[in-house]
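Biologist: I would like to learn how to read a structure, one feature at a time. Could you take me through this one?

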Amino acid sequence: MLFAVVGLVAAGCGGEEEATPSPQTVSGKTTPAHTTSTSTTTTTPAPTTSTSTSTTTTTTPAPAGNAAAGKTVFTGSAGCSGCHTLADAGATGTVGPNLDQLKPPYDKVVTQVTNGGAVMPAFKSTLTPQQIADVAAYVSSVAGK
């Protein structure tokens with residue numbers, strides 16, 4: 001009797017059936033006792049996941065400069081005339097570069113006035129962004145003219 005139980009258990013394990021699972025496909029081979037060999041393949045589609053990320057960056061545009069207001073800042077509160085030469089302002093300073101010769105563009109003036117450089121101090125904590133834009137508009141529009 002023990003041999004009969006062992007024989008039944010052995011017959012139920014293994015036999016002719018073979019299956020090979022993969023992440024998206026399950027294949028198997030079944031050979032029933034009274035038919036010819038049959039091959040079956042079942043394909044299961046992978047779950048579809050869609051992720052959408054949207055990033056919005058808001059920047060505050062730089063203020064537009066007013067050249068007339070910039071002349072007032074250049075000749076007055078900022079003290080630019082003490083260091084720079086700029087004919088339109090009547091400035092003859094020699095510590096900093098001659099702006100009539102340099103003819104700096106607007107963006108360069110904004111950067112230099114904001115951050116300073118060489119012996120020039122930064123004015124980002126002394127002047128407002130609007131005043132810096134005004135000085136840049138003034139210098140870039142009159143230098144060398």
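## Pockets, helices and a glycine

Modeller: This is a predicted model. We can begin with the lining of the largest pocket, which by class has 18 nonpolar, five polar and one charged residues.

Biologist: How much space lies in the largest pocket, and which residues are closest to its centre?

Modeller: The space in the largest pocket is about 410 Å³. It is lined by 24 residues, and those closest to the centre are His 84, Pro 97, Leu 99, Gln 112 and Met 120.

Biologist: Which helix gives the largest share of that lining?

Modeller: That is α4, with four residues. At least two lining residues come from each of α3 (99-102), α4 (106-115) and α5 (129-142).

Biologist: What volume does the second largest pocket have, and which residues lie closest to its centre?

Modeller: Its volume is about 170 Å³. Val 110, Thr 114, Pro 129, Ile 132 and Ala 133 are the closest to the centre, out of 11 lining residues. Here too α4 gives the largest share of the lining, four residues, and α4 and α5 each supply at least two. By class, the lining of the second largest pocket has eight nonpolar, one polar and two charged residues.

Biologist: What share of the residues is buried?

Modeller: A residue is called buried when its relative accessible area is under 20%. In this protein of 145 residues, 22% are buried. The accessible surface comes to about 10,300 Å², and carbon and sulfur atoms hold 59% of it.

Biologist: How should I read burial along a helix? Which residues of α4 are buried, for instance?

Modeller: Look at where the buried residues point around the axis. In α4 the buried residues are Val 109, Val 113 and Thr 114. They are on the same side of α4, because they cover an arc of only 120° around the axis. The buried residues of α4 pack against α5. After α4 comes Gly 116, which has a positive phi, near 70°.

Biologist: Which residues of α2 are buried, and why do they line one face of the helix?

Modeller: In α2 (67-75), Gly 70, Val 73 and Phe 74 are buried. Seen down the axis they fall within an arc of 100°, so they line one face of the helix. Their cover includes β4 (85-86), β5 (91-92), α3 and α5. The exposed residues Ala 68 and Thr 72 are on the face turned away from the buried side of α2.

Biologist: Now a single residue. Where is Gly 65 found, and is Gly 65 buried, partly exposed or exposed?

Modeller: Gly 65 is in the loop between β3 (38-43) and α2. For its exposure, compare the relative accessible area with the cut-offs: under 20% is buried, over 50% is exposed, and in between is partly exposed. Gly 65 has a relative accessible area of 32%, so Gly 65 is partly exposed.

Biologist: What does Gly 65 touch, leaving out residues up to four places away in sequence?

Modeller: Gly 65 touches Tyr 106, Gln 130, Ala 133, Asp 134 and Ala 137. Take Ala 137: along the chain, Gly 65 and Ala 137 are 72 residues apart, yet their C-alpha atoms are separated by 5.0 Å. For the protein, residues 24 or more positions apart account for 43% of the contacts with a separation of 6 or more.

Notes: Residues are numbered from 1 along each chain as its sequence is written. This is a predicted model: local features need pLDDT of at least 70, side-chain atom pairs count only at pLDDT 80 or more; totals for chains, interfaces and linings use all residues. Side-chain values use heavy atoms; hydrogens and water are left out. On a 1 Å grid over the protein atoms alone, a cavity is a set of points where a 1.4 Å probe fits but cannot get out, and a pocket is an open set with protein on both sides within 12 Å along at least five of seven lines; lining residues have an atom within 4 Å of a point. Grid points are joined across faces, edges and corners, and a volume is the space filled by probe spheres set on the points. Ala, Val, Leu, Ile, Met, Phe, Trp, Tyr, Cys and Pro count as nonpolar, Asp, Glu, Lys and Arg as charged, and the others, Gly among them, as polar. Buried means under 20% relative accessible area, exposed over 50%, partly exposed in between (1.4 Å probe, protein chains only). Contact means heavy atoms within 4.5 Å. Accessible areas come from the Shrake-Rupley method with a 1.4 Å probe; for residues, only the protein chains shown count as cover. The arc is that of the directions from the helix axis to the C-beta atoms.
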